[in-house]
Amino acid sequence: MPVTISRVIQALEPSATIAMSTKAKELKAAGKTVYDLSVGEPDFTTPKHICQAAVEAMEAGHTHYTAASGIPELKRSVAQQYQQQHGLEYAPSQVVVSNGAKHSVHNVCAVLLDPGDEVIIPAPYWVSYAELVKLTGAIPVIVQTRQEDNFKLNAEQFRAAITDKTKMLLLCSPSNPTGSMYSPEELGELADVVIEHDLLVLADEIYDRLVYPGHKFASFPTVRPGLAERTAVINGVSKTYAMTGWRIGWTLSPVGMAKAMGSLQSQETSNPCSISQYAAIAAIEGPQQCVDEMLVEFTKRREFVIRRIGQIPGISCAEMGGAFYAYINIAEHLGRPYNGTQIDNSHQWCMELLAQQNVATVMGSAFGTEGYFRAAFATSMETLEAAFDRIEEFLAG
Ligand SMILES: Cc1ncc(COP(=O)(O)O)c(C=O)c1O
């Protein structure tokens, strides 16, 4: 019998960010110098004290299966840190540790969604959301937001998208790919609609510590009473502590949801890596100076990127309150030839930028909007300078 891939997986789009960064890596392996702004990964190495904790965990024999939903010490640590930062109390039993925040998004979708359920996702959205919703048979309902609104969903747009099939709202603040961040008041207005229509919320807060001066982060369940009963908060160590390869993320959710996700993990992955879990405790409970130092660097890069975007004719971006992405409007530069090659959309634009200038970025179409590209500034200033010189030259061509 010929191999036939299931319909659900055939319909799955592979991650465009990973595809672009793989392409960049292939070009590098072929000897080319590539200026890689494609992947959302801090370029810093994981702080030493965290690596040391992993070594100690191995030496102490923590190299076996753990509880499916994570070791109790890490769950306690996550709940305590959340309480200290946001003032809301979660029991350790409400924490489910996973193999990264992406896995947590999948867990939440898998335990909450049935075929035909609708999930409201404001666009531009992180590449994996719509695909992970579709994997369950549920329907992503994409609501376009506007650059002039800093790409934030407002209560009116949210209400207009709700039907009797709507089950969940998916929010990401600070946002990948736009860096935009909802104020506590804006979250409160969305929360009122959530409560009014008895909906659930997936709040992806993976960039909660990467917030720039002048901006204030609020965790979704804290903005109205009772929201913790209908929200799954997602976070992890990948971005905050430069630990993308360690694969540790988590959810804070109502107990019933946590139990369901624990059962799912027990059948699916057994447990997140034991050694990484001990390293994550060191990250959360250890000195936080490394987070501050990384933020200082990201702040300088953000300022540089904003300045360069302002200097290049016909491009613009919304205000980045957090994360390390600029979502750059190139609509004025589409529909014309570049060095003889006609470019009509963001996909062609990014592919041609890579081919002509060796700069890797990600096309806006992967995030559900046309006329934009995403530049991650989680890379060195030298790379950013060279990349923006080349982007400017490309746009002038
Ligand atoms: C918004 C958002 N959520 C989740 C993730 C996944 O994080 P992790 O590496 O912990 O799976 C990312 C990574 O790019 C992200 O940008």
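In this predicted model, 36 residues of domain 1 are in contact with 34 residues of domain 2, where contact means that two C-beta atoms, placed from the backbone, lie within 7 Å. Local features need pLDDT of at least 70, side-chain atom pairs count only at pLDDT 80 or more, and totals for chains, interfaces and linings use all residues of the predicted model. Residues are numbered from 1 along each chain as its sequence is written.

The bounds of the two domains come from an automatic or database domain assignment. The centres of domain 1 and domain 2, taken over C-alpha atoms, are separated by 25 Å.

| Domain | Residues |
|---|---|
| Domain 1 | 7-45 + 290-396 |
| Domain 2 | 49-285 |

On the side of domain 1 that touches domain 2, at least two residues each are supplied by helix 2 (16-29), helix 11 (289-311) and strand 10 (325-329). Helices (H or I, at least four residues) and strands (E, at least two) are DSSP runs, numbered from the N terminus. Helix 11 gives the most to this side, with seven residues. By class, the residues of this side of domain 1 comprise 20 nonpolar, eleven polar and five charged. Here Ala, Val, Leu, Ile, Met, Phe, Trp, Tyr, Cys and Pro count as nonpolar, Asp, Glu, Lys and Arg as charged, and the others, Gly among them, as polar.

Helix 3 (residues 48-59) has twelve residues and should span 16 Å at 1.5 Å a residue, which agrees with the 17 Å between its end C-alpha atoms; the expected span is 1.5 Å times one less than the number of residues. Ile50, Ala53 and Ala54 of helix 3 are buried. A residue is buried if 20 or more other C-beta atoms lie within 10 Å of its own, exposed if 12 or fewer, and partly exposed in between, with C-beta atoms placed from the backbone. The buried residues of helix 3 fall within an arc of 100 degrees when seen down the axis, so they line one face of the helix; the arc is that of the directions from the helix axis to the C-beta atoms. These buried residues pack against helix 10 (274-285).

On the other side of helix 3, Lys48, Val55 and Glu59 are exposed. Val55 counts as exposed because it has 12 C-beta neighbours inside 10 Å. The C-alpha atoms of Val55 and Tyr278 are separated by 9.5 Å, although the two residues are 223 residues apart along the chain. Just after helix 3, Gly61 takes a positive phi of about 90 degrees.
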